[in-house]
Amino acid sequence: MKRILLFILPILIIVSAALTIFGIIQVKYEEDKLMDDLKRKAKTVAESVELSARYALINNDLKSIKRLAESFQKRERMQGCVVYDKEGAILAITERISGWGQKDKPYVKDSFNARAARGGIEKFGDYSVYSYILPILGDDESLLGAVEVVYDTSYLFTTLAVLWKRISITLIILIVSIIGIALLIQRQIFILPVRRLTQWFTHFQKGELEKLRPFEEKGEFGKLVSEVEQVALGLRVARKAVSEKAHARIQKEEAWTEDKLRDLIHAKLGENTFIVVSNREPYMHVSNDISGTPKCVRPASGVVTAIDPILRACGGTWIAHGSGDADRKFINSKNKLGVPPEDNRYILKRVWLNKEEEDGYYYGFSNEGLWPLCHVTHTRPIFRETDWQMYKEVNQKFANSVLEELPAKNPFVFIQDYHFTLLAKMIKEKRPDVTIALFWHIPWPNPEVFAICPYQHEILDGMLSCDLIGFHVQVHCNNFLDTANRLIECRVDTEKFSVIRGSRETFVRSFPISVDGYANVKTTKAETEKIESIRHELQLQDKIVAVGVDRIDYTKGIVERILAIDRFLEKYPQYKDKFVFIQLAAPSRTHIKRYHDLIGEIDELVEKKNWKYSDGIWRPIIYLKRYFSPEEVKPYYLLADICIVSSLHDGMNLVAKEYVSSRSDSSGALMLSRFTGAARELTDAVQINPYSIEEFADAIKFTVEMPVEERLRRMQNMRKIVAENNIYRWAGNIITELTALNKNQP
Ligand code: ADQ
């Protein structure tokens, strides 16, 4: 629109100015002409009555003088006539202008004195009239009197107004025609070809190759189109080649690596894009509190930790809520950007939510309702109808965003977590051909617990629109199958582990999530230096160091951990001044009261326990409350002799696996809550019950005193498990399972 205006505006200005100047000249000319005409008429009429007036004045024939004035009564456009005696007194006046007699008329005296006729525009009430006064002289040139002819001038202005109106209408018609013609030209030479090119690209993007028509554009635009076609062709050929090579390679390799996953995805999905949906975005742009400068951060989230390496490996599109305050500054017109910022490997599409939506859908229904419902930690779930309505609206918003991205054939969508239980159903309403998997990152409770939820049927109905639902561990799958069996009408096939409703079958599988890890990556020189500087800064020399890394969440058992450390030091005072626990804690969901209160509770507890043991410079608990980038977290894993994970309930817990994965020399020990999914795989961890502070404290002592050989053996076993079952295997298994369900797979 701006471009059209730039093109049309100068033409419009020139045409309007020209027509206005022409109008002014034309009107002026017309006005002068009409005025001349009027003057001439007035003079002629006055002269035509001069003789009879003269005769009547000489004879003082008042009757004739009156008749003369009356004879003007019927004349068109003329107001009337006045006859004066030689003193300037009125002898007769046309009745129509009888009021004219009262008007003060100094020009009468002037005309008498000069013995000359005089014409001019005069005011008469609300009107203006033209008066022409002609002195009448006797034979001896003596003044006998005068006749004055008064003309109405209003018709003159009416004529000029009509003229202006005509000129204005012409101008409007001209402007409309110019705009119309310009739009037509612009459409023909610019919009239509661009639209054809855009459509061509949309078909190409969606893989609708049969709809691609060759272009017939000529000239400069034709050249551009031809270049675009070449690039697209190159891309298609490259994708095909990658897909074929990938097929060949996945048959060979054994261990799951980034490359193997990439090959699998290229082989299974062919030319299609892999679409992932989650609430939390993998890269967030936030402004610095003080300088306001935006920077890119990776949020502290298990989902991000797990899925980012997969998309880095195989490309695709990740659709997520744009929650960073500077997020809008870094997107293109389709709300997309390439990430990671320093080395674009895949596309992040941001979906915008307003405060109300975020409150109801994210803080309310997802995190005050579903999160406590699924984690059995005795925090009461809160279900509000308004939150549920917002949750539905936001699911629909994400569904619309996904639908925009779907390719024409064999689309695959991979949904993350409890924020999107209704998404699959909404997508399938428009595109029943999409194959959808949902991964549930948190635990699934038993049917009695889930039945608390007032929206249980809609949630299960939405989830069962998926083709595949994944949980971390088998017990969560079993709970889900039990829940479906008990709460909705369906058939559960315990052989195939699926739920059948009507013609739809949803497979339920366990896929224990993992990390890409730092496995087999030797500690770098920079990391060693960083470790030394932390040791020095936090005075950790000669200390036994334990670490905890968590989002601040009541499910993570941070309070219980601090209480257990306190009990450990109370019970085994020989470790005073020798044992230090470092807690890295990223505040999260701080708008929710329960989380806000927890932050205060932990602050207070750390303060209290440190004060209790304060003795010189030793503090048993070092509490670092902030977000750390993955690169910042790693040195803490490397310097810690023990990592403590004490979740009260956790889907998997990636911190445990990150710690194991980072210990490339197989040193270190892991204490792991038996209520995490990870505890089922990492059986060589020291398993704890965080609810039993006494047992927990003893377990710390046990771990601290564990012989080196035993530590080594346990860590080696755990490292083997994490290395074999890494995030690439996790994703590979899901994609293999998912594509096996799709009848049209390549
Ligand atoms: P989360 O509840 O977020 O994940 P978790 O699996 O422990 O929990 O992952 C947390 C991630 O955040 C880790 O990568 C960790 O390094 C990082 N992190 C923690 N504290 C941090 C800090 N202070 N600064 C920076 N980063 C920090 C959910 C489920 C889990 C499940 C995962 C993945 O609750 O049960 O394991 O999803 O499915």
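This is a predicted model: local features need pLDDT of at least 70, side-chain atom pairs count only at pLDDT 80 or more; totals for chains, interfaces and linings use all residues.
Lys-593 and Asp-597 both belong to helix 16 (residues 593–613), where being four residues apart separates them by about one helical turn.

**Domains and cores**

The protein is divided into domain 1 (2–158), domain 2 (274–510) and domain 3 (525–724). The centres of domain 2 and domain 3, taken over C-alpha atoms, are separated by 30 Å, and 27 residues of domain 2 are in contact with 22 residues of domain 3. The largest nonpolar core has 166 residues, and those with the most contacts inside it include Val-413, Ile-427 and Leu-670. Since domain 2 and domain 3 both give residues to this core, it lies between them. Apart from it lies another core, of 31 residues, among them Val-45, Ala-46, Ala-53 and Cys-81.

Ile-427 is also one of the buried residues of helix 10 (residues 423–430), together with Leu-423, Ala-424, Met-426 and Lys-428. The buried residues of this helix pack against several elements, including helix 9 (385–405), strand 12 (412–416) and strand 13 (435–439).

**Salt bridges**

The count of salt bridges comes to 49, and three of them are set out here.

| Salt bridge | N to O distance |
|---|---|
| Asp-139 and Arg-54 | 2.3 Å |
| Glu-505 and Lys-496 | 3.0 Å |

Asp-139 counts as exposed at 70% relative accessibility, whereas Arg-54, at 22%, counts as partly exposed. Glu-505 counts as partly exposed at 22% relative accessibility, and Lys-496 counts as partly exposed at 38%. Elsewhere, Asp-566, Arg-567, Glu-570, Lys-571, Lys-609, Lys-612, Glu-694 and Asp-698 are linked in a network of salt bridges.

**A loop residue and a surface patch**

Arg-280 lies in the loop between strand 6 and strand 7 (284–287) and is partly exposed, with a relative accessible area of 23%. Among the residues that Arg-280 touches, not counting those up to four places away in sequence, are Pro-299, Trp-318 and Tyr-362. On the surface, Ile-181, Ile-185, Ile-189 and Phe-190 form a nonpolar patch with about 390 Å² of accessible area together, and Ile-181 lies in helix 4 (residues 154–206).

Methods. Residues are numbered from 1 along each chain as its sequence is written. Side-chain values use heavy atoms; hydrogens and water are left out. Patches are made of residues with over 30% relative accessible area and no salt bridge: like charges are joined within 9 Å, nonpolar side chains (Val, Leu, Ile, Met, Phe, Trp, Tyr) within 5 Å. Accessible areas come from the Shrake-Rupley method with a 1.4 Å probe; for residues, only the protein chains shown count as cover. A salt bridge is a side-chain nitrogen of Lys or Arg within 4 Å of a carboxyl oxygen of Asp or Glu. Helices (H or I, at least four residues) and strands (E, at least two) are DSSP runs, numbered from the N terminus. A nonpolar core is a set of buried Ala, Val, Leu, Ile, Met, Phe, Trp, Tyr and Cys residues joined through side-chain atoms within 4.5 Å. Buried means under 20% relative accessible area, exposed over 50%, partly exposed in between (1.4 Å probe, protein chains only). Domain bounds come from an automatic or database domain assignment. Contact means heavy atoms within 4.5 Å.
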